[in-house]
Amino acid sequence: MNGDRIASLVISKYNSLPNNGKPLIRSNGVKEWTILAGIVVHNTSTDALECVALGTGVKACSEAIISDCKGQILHDCHAEILAIRAFNLYIIENGQENIGDIYLYISAPPCGDASMSLLNGGEDWSKGDDEEKQLIRGRAHYNRLGVIRTKPGRVDSQLTMSKSCSDKLCLRQTRGLLLSPVKYLNSVNVPDAPDLFLTALVCPVVLPDFHRAFTRWNPIHPFKYLQTNIVFPGGNDADIIKYANMKSNNEANTNVELTPTTLDAKKTAPSPLSIVWTPDHREVIANGIKQGSKKTPSIVSRCKIAELVCSATNVHPKLYSGFKAKSCSWPAGWIRTSADDFEL
Ligand SMILES: [Zn+2]
């Protein structure tokens with residue numbers, strides 16, 4: 001598979017969507033940017049490619065906001081995480097038969113352990129000493145590799161306990177792409193339904209960190225890494241140039257006109273909004289909920305996904321974690337590790 005085929009399909013789907021939720025130029029001239037992620041499925045017998053899920057965004061809510069939210073707030077609005085949640089919605093509504101190969105395009109390398117070399121001009125850090133592994137905040141101790149990190153954020157922002165996208169992608173390699181309720185739904189509909197795993201990650205750069213970071217845990221289902229030269233027009237111009245310069249032979253075609261003005265970091269800012277899209281749904285997300293509403297949860301929030309699965313299966317566990325216990329095939333069963341469970 002060619003990475004450009006996947007990337008151009010996701011980017012043209014994004015381009016076809018209405019402007020609401022996309023980065024804009026603010027009235028003071030600041031140019032917003034975002035990250036785009038999309039899931040493309042490849043029917044290997046017909047060679048048909050289809051983009052079935054898409055997400056944009058760079059924001060994560062603080063831990064303080066999500067406690068007691070009853071699964072109604074999306075606390076992780078990084079593009080690839082929203083794309084995976086949207087893919088789960090697609091599977092709820094369409095089933096998982098004939099899915100074929102699964103590709104995840106991201107317009108920037110995932111945050112966390114898989115992109116630490118970006119802080120080092122593209123060179124992998126040499127392996128440091130074997131300090132005890134622990135959860136590290138964002139990019140702190142940036143030369144320590146192989147550790148679990150929270151989402152990067154400003155040092156003065158409220159702490160988020162949301163794990164980095166590198167760590168979450170590692171988890172998806174081990175547990176599969178389906179969230180517990182969706183996994184349960186599939187096990188009811190298609191007994192012995194196989195877990196779904198990524199075939200490949202498609203990125204503008206394949207960093208030296210990828211292999212190390214994505215094989216840290218249980219690498220039974222490693223995915224491949226494909227590079228693309230297709231440029232996402234809503235991205236951060238400084239990053240686009242950085243990726244182009246890092247490519248080995250520097251033959252990358254940047255098809256975006258970059259002027260000194262757009263390269264002025266003070267004149268750019270991350271978009272506060274996210275888009276979630278599947279062939280049947282489109283939402284704009286602000287602060288973890290649907291834009292323009294006081295408290296309407298997103299269709300891909302944990303509470304809505306659980307609601308859809310409850311009504312499809314007529315099974316109503318008391319707690320969200322009830323689905324985890326039902327769908328876990330690990331020999332040791334499921335062990336609760338966080339306090340963010342909620343009543344259904
Ligand atoms: Zn991320």
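Asp167 and Arg216 are both buried, where buried means under 20% relative accessible area, exposed over 50% and partly exposed in between (1.4 Å probe, protein chains only). Their side chains meet in a salt bridge, 2.8 Å from N to O; the term stands for a side-chain nitrogen of Lys or Arg within 4 Å of a carboxyl oxygen of Asp or Glu. The two residues come from distant parts of the chain, 49 residues apart: Asp167 belongs to helix α4, and Arg216 to the loop between α6 and β10. Helices (H or I, at least four residues) and strands (E, at least two) are DSSP runs, numbered from the N terminus. Through shared partners, salt bridges join Asp167 and Arg216 with Asp113, Asp209 and Arg212 into one network.

This is a predicted model, in which local features need pLDDT of at least 70 and side-chain atom pairs count only at pLDDT 80 or more, while totals for chains, interfaces and linings use all residues. Residues are numbered from 1 along each chain as its sequence is written, and side-chain values use heavy atoms, with hydrogens and water left out.

**Salt bridges**

The count comes to twelve salt bridges. Side chains of opposite charge can pair when their charged atoms come close. The table gives three of these pairs, including the one described above.

| Pair | Closest N to O distance |
|---|---|
| Lys168 and Asp76 | 2.6 Å |
| Glu32 and Arg26 | 2.8 Å |

Lys168 is in helix α4 and Asp76 in strand β5 (residues 76-78), so this pair links parts of the chain 92 residues apart. Asp76 counts as buried because its relative accessibility is 5%. In the pair of Glu32 and Arg26, Glu32 counts as buried at 9% relative accessibility, whereas Arg26 is partly exposed at 31%.

**Zinc site**

Three residues coordinate the zinc ion at 2.1 to 2.3 Å: His78 through ND1, Cys111 through SG and Cys165 through SG. Donors are N, O and S atoms within 2.8 Å of the metal (3.2 Å for Na, K and Ca); water is not among the atoms, so sites may look incomplete. Along the chain the donors have the spacing H-x32-C-x53-C. Cys111 lies in the loop between β6 (101-106) and β7 (135-136), and Cys165 in helix α4 (residues 165-175), 54 residues apart. Both cysteines, Cys111 and Cys165, are buried.

**Aromatic rings**

Across the whole structure there are eight aromatic pairs. Rings of Phe, Tyr and Trp (its six-membered ring) pair if their centres lie within 6.5 Å; planes under 30 degrees apart count as stacked, over 60 as edge-to-face and the rest as tilted. Phe210 and Tyr225 are edge-to-face, at 5.6 Å centre to centre and 65° between the planes. This pair links helix α6 (residues 209-214), which holds Phe210, to strand β10 (residues 224-227), which holds Tyr225, 15 residues apart. Phe210 is buried at 0% relative accessibility, and Tyr225 is partly exposed at 22%. Ring pairs also link Phe210 and Tyr225 with Phe214 and Phe223 into a cluster.

Tyr320 and Phe342 are stacked because their ring centres are 5.1 Å apart and their planes at 25°. Tyr320 is in the loop between α8 (302-313) and α9 (321-327), and Phe342 in the segment after α9, 22 residues apart. Tyr320 is buried at 5% relative accessibility.

The charged end of Arg302 sits over the ring of Tyr320, 5.5 Å from its centre. The rule here is NZ of Lys or CZ of Arg within 6 Å of the ring centre and within 35 degrees of the ring normal. Lys22 lies over the face of Tyr14, 4.5 Å from the ring centre.
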